[in-house]
Amino acid sequence: MRKTFGIIGLSFLVFSCAPQTAQKKKPEIPKPTTTSTTKTPVAPQKAASTTPVKPQVKRLGDYDFFTVNIADASKNDNTISHGSIVSANPSGYTIAKTYFPSLGQNYRQRYIILHYTALDDERSVRVLTTQSVSSHYLVGDQNDKEIYQLVDENKRAYHAGISSWRGIENLNDTSIGIEIVNPGYTTDSSGTRTFYAYPEWQFRKVAALVKDLVDRYQVPPTNLLGHSDISPTRKQDPGPQFPWERLYTEYGVGMWYDQATKDRFLNAPESQNFESQLLDSTFIFKYQTYLNQFGYGLLRSGNVDSATQKTIEAFQYRFRPQNASGVMDLETWAILQALLEKYPAK
Ligand SMILES: [Zn+2]
């Protein structure tokens, strides 16, 4: 068992995951996908290692419709690992058609949010099961094959707090939360943070879990996020040591930029006098706009205010972890442009 980092970490977690009452906005409508139409069910334990079977989706107006009944486990694999179908039990009546084949349905689980607990294994379990904070899954610090589930995937867990991404707020309503046991960071006398690494075996646990969730709920790359992405002014987790690039390259989930596109922006003519633009409020407003369009809930001021610095830092934790200074620089700017080109906002 790892040494405890209890008192500081406990306050982080409790603060971070307190239940929120913010109003939700209209849920994001997923884009239609055209994937395999194979009807052969796939056993859930094989889902991570085989091509997942996904029902087709067609778009009518503003809404998506599945072309098969996703509640019917005989037609696709999506419900096999979803647990029970909950039905009403009205007095004097029966629910006659539990599997009535409506196409007009979709998953409520639209986002996956990764966290670190900043607590040891034992305290993480205790806090997440006995207080007002929670998560659907907890990946502990033991090198074994187990992952804890604390909340049913169909129910809401309290892990995100005040949060937003691409205009959607209160991500607790529509996300699966995964807490990872990791001490977080220490701060030296100069205020520099040193984050703790994730062991290889722990990363692989998280990656396998994320891959399974992404496949079953068809979570788009832009919706696999860290707590620091959706709450950049107050959260750092899962921090710069979490290997987001490997999730993309080895497991095919989440976002990452294309190197050639980044290089194109690095070498663009307007990048030659980059330093001279840094204090220009027009340029600051421009990169604030890009950060906002990419997803961060940043108010555009034209000034390098505290929220802007923390948002840049959160972006660097995720996409340029070697140097998360919170200062906009040419490489950060090139990566941001490359990502926005690859994952445009609607
Ligand atoms: Zn968190």
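Tutor: A residue counts as buried if 20 or more other C-beta atoms, placed from the backbone, lie within 10 Å of its own, exposed if 12 or fewer do, and partly exposed in between.

Student: OK. How many residues of the protein chain count as buried, in percent?

Tutor: The protein chain has 346 residues, and 37% of them are buried. This is a predicted model, where local features need pLDDT of at least 70 and side-chain atom pairs pLDDT 80 or more, while totals for chains, interfaces and linings use all residues. Residues are numbered from 1 along each chain as its sequence is written.

Student: How many helices and strands does the chain have?

Tutor: The chain has 10 helices and 11 strands. These are DSSP runs numbered from the N terminus: helices (H or I) of at least four residues, strands (E) of at least two.

Student: In what order do the five strands of the open sheet stand?

Tutor: The order is S5-S4-S8-S3-S11, with mixed pairing; strands pair if DSSP finds at least two bridges between them. S5 (148-149) and S11 (224-226) are the edge strands, and each has a single partner strand, so one side of each has no neighbour in the sheet.

Student: And S3, in which sense does it pair with S8?

Tutor: S3 (residues 111-116) and S8 (residues 175-180) run in the parallel sense, joined over six bridges.

Student: How many of the residues of S3 are buried?

Tutor: Six of its six residues are buried. Tyr-111, Ile-113 and His-115 point one way from the strand, Ile-112, Leu-114 and Tyr-116 point the other way, and both sets are buried.

Student: New topic. Where is Thr-129 found?

Tutor: Thr-129 belongs to helix H2, which covers residues 121-130.

Student: Why is Thr-129 called partly exposed?

Tutor: Because it has 13 other C-beta atoms within 10 Å. Thr-129 lies 22 residues from Val-151 in sequence, and their C-alpha atoms are 9.1 Å apart in space.

Student: Back to helices. Which residues in H6 meet residues in H10?

Tutor: Thr-261, Lys-262, Phe-265 and Leu-266 in H6 do. Their partners in H10 include Leu-330, Ala-334, Ile-335 and Glu-341. Contact here means C-beta atoms, placed from the backbone, within 7 Å.

Student: What share of the chain's contacts with a separation of 6 or more comes from residues 24 or more positions apart?

Tutor: Such residues account for 65% of those contacts.

Key: Two residues are in contact if their C-beta atoms, placed from the backbone, lie within 7 Å.
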